[in-house]
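I opened my notebook today to get to know a new protein chain. Here is what I was looking at.

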Amino acid sequence: MLGWELPPHNAGGLGVECYRLCRALSKKGVDIEFILPYTADHSDITFMKINPAHSQTVMQVRSAGSVYDSFRYIETTGKISTLDLYGQVALYERSVERIVETSVFDVIHAHDWLTFRAAIRAKMRSGKPLIVHVHSLESDRAGQAHGGNPLIREIEELGLQMADRIVAVSGVTKSHIVQEYDIPEDKIEVVHNNLDITALLPPSNENEYVYLTRLKKQGYRVVMNVGRMTIQKGLPHLFQAFSIALQYAPKALLLIVGSGEQYHELIELAAELGIADHVLFTGFQRGKRWRDAFDIADLFVLPSPTEPFALTVLEAIGYGTPVLISKETGVAEVIRNALRVDYWDHNQMANKMATLLRHDGLRDELQTQAYRELERFSRGDSTADKLTALYQQQMEAVPA
């Protein structure tokens, strides 16, 4: 298994999903060696072997800022060097090639473009089947179809072409792969992300957001978004719609949980729209403060122009928060009890937002039905079942 991050050293949802997926696979008897590009303490993960992909002469590897940014290397000689993301991807490829020569495995499973070069190298060296797992395309991350970094798109296309099978996290993602890279449909398996709601920790008695707790007692309602502040997430659309919704629901607050390159842009936008006194930025959160954000919220809004799946939608529902999502969101394929809107339709988004904030009964009924739907969807390990079947199929296809 080739992946770029695992909690708690993750910048986004990819590491979280890899963790959950591997835990579910281990329960099915799958023996996993997970190869990361950095060294870190993952002693709490006992259901798989974690292997850092770096030279034995390197004592320590740490991400300098984000795991999607540059990496800082400290060698046994004391020498310190820094690699940018592309340099790290190339080094990861060479390191995985070395690991392959001494490892015993049946299948290569690689997550997103960052690992595709290494995955191709592992396939060439070992002759083992390669499954590439697409959680997000470069065009998704760029916020527009057929956009993004041409170098990343080249790596992405090569990985998709060389793979024996492709796993897409939604039908939306599958259709984008076919349209953008001319991949045959029958090569792509749709395996939706899942969420074990029994593993969600219940909220504690005292919410960390004391200020919001007090305001809610005065009749205020909280709209929230959790995720990276990037063009893919469409947060400027949320801010525009929220400024309109305030005209009809003046006791509303917007809670933004996360970090990213649009942070300063969004602060300026809130000021320009005259809603700065209704918007709260928490920064990147983990653990209790992350869970409490869902617990304090009355509505979760995801206005992404393009969103392959959106695990945070399932998390919101699991923690008791109804959701309003863009029609372009992959999770809509498995959750029907969610308000939907075109991401660019600020008036319609504002209308649905204000209506739910003003009618507690409607809000509670939407959440009740969504939670029941999530319970049915998350029952069992359908994602792990589909992947183990795919592994077996590919192993049997390899000539003896």
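The entries below follow my looking, one spot at a time.

**Entry 1: before starting**

I reminded myself that this is a predicted model. Every value I jot down here is computed from that model.

I began with strand β8, which covers residues 165-168. Which way do its side chains point? I found R165 and V167 pointing one way, while I166 and A168 point the other way. I recalled that side chains in a regular strand alternate between the two faces of the sheet. I also checked burial, and all four of these β8 residues are buried.

Next I looked for the strands that pair with β8. Strand β7, residues 130-134, is joined to β8 by four bridges, and these two strands run parallel.

**Entry 2: L130 in strand β7**

I stayed with β7 and looked up L130, which is found in that strand. Is L130 buried or exposed? I wrote down buried, because its relative accessibility is 0% and the cut-off for buried is under 20%. I then listed what L130 touches, leaving out residues up to four places away in sequence: I108, A110, A119, I120, K123, M162, A163, D164 and R165. R165 was already in my notes as a residue of β8.

**Entry 3: Q285 in a loop**

I moved on to Q285, which lies in the loop between β12 (279-283) and α10 (287-296). Q285 counts as buried because its relative accessible area is 14%. What does its side chain make a polar contact with? I found the side chain of R289, at 3.0 Å. Setting aside neighbours within four places in sequence, I saw Q285 in contact with Y209, V257 and W290.

I looked up Q367 in helix α13, residues 360-378. Q367 is also classed as buried, because its relative accessibility is 11%. Beyond its neighbours within four places in sequence, Q367 is in contact with I317, G320, T321 and P322.

Then I turned to V16, in helix α1, residues 13-27. Not counting residues up to four places away in sequence, V16 touches P7, N10, L311 and E315. I checked V16 against V89 too: they are 73 residues apart in sequence and 20 Å apart in space, C-alpha to C-alpha.

**Entry 4: the second largest pocket**

I finished with some empty space. Rolling a probe the size of a water molecule over the atoms shows where such space is left. The second largest pocket holds about 600 Å³. It is lined by 25 residues, and the closest to its centre are D31, E33, F105, D106 and V107. Which element gives the largest share of the lining? I found that α14 does, with four residues. I also listed the elements that each supply at least two lining residues: β1 (33-36), α2 (85-100), β6 (108-111) and α14 (382-397).

Conventions. Residues numbered from 1 in each chain as written. Predicted model: local features only at pLDDT ≥ 70, side-chain atom pairs only at ≥ 80, totals over all residues. Heavy atoms only, no water. Buried < 20%, exposed > 50% of the residue type's maximum accessible area, 1.4 Å probe, protein only. Pairing = 2+ DSSP bridges. Polar contact = N/O pair within 3.5 Å; in protein donor to acceptor, adjacent residues only side chain to side chain. Contact = heavy atoms within 4.5 Å. 1 Å grid on protein atoms, 1.4 Å probe; cavity = no way out; pocket = protein on both sides within 12 Å on 5 of 7 lines; lining within 4 Å. Points joined across faces, edges and corners; volume = space filled by probe spheres on them.
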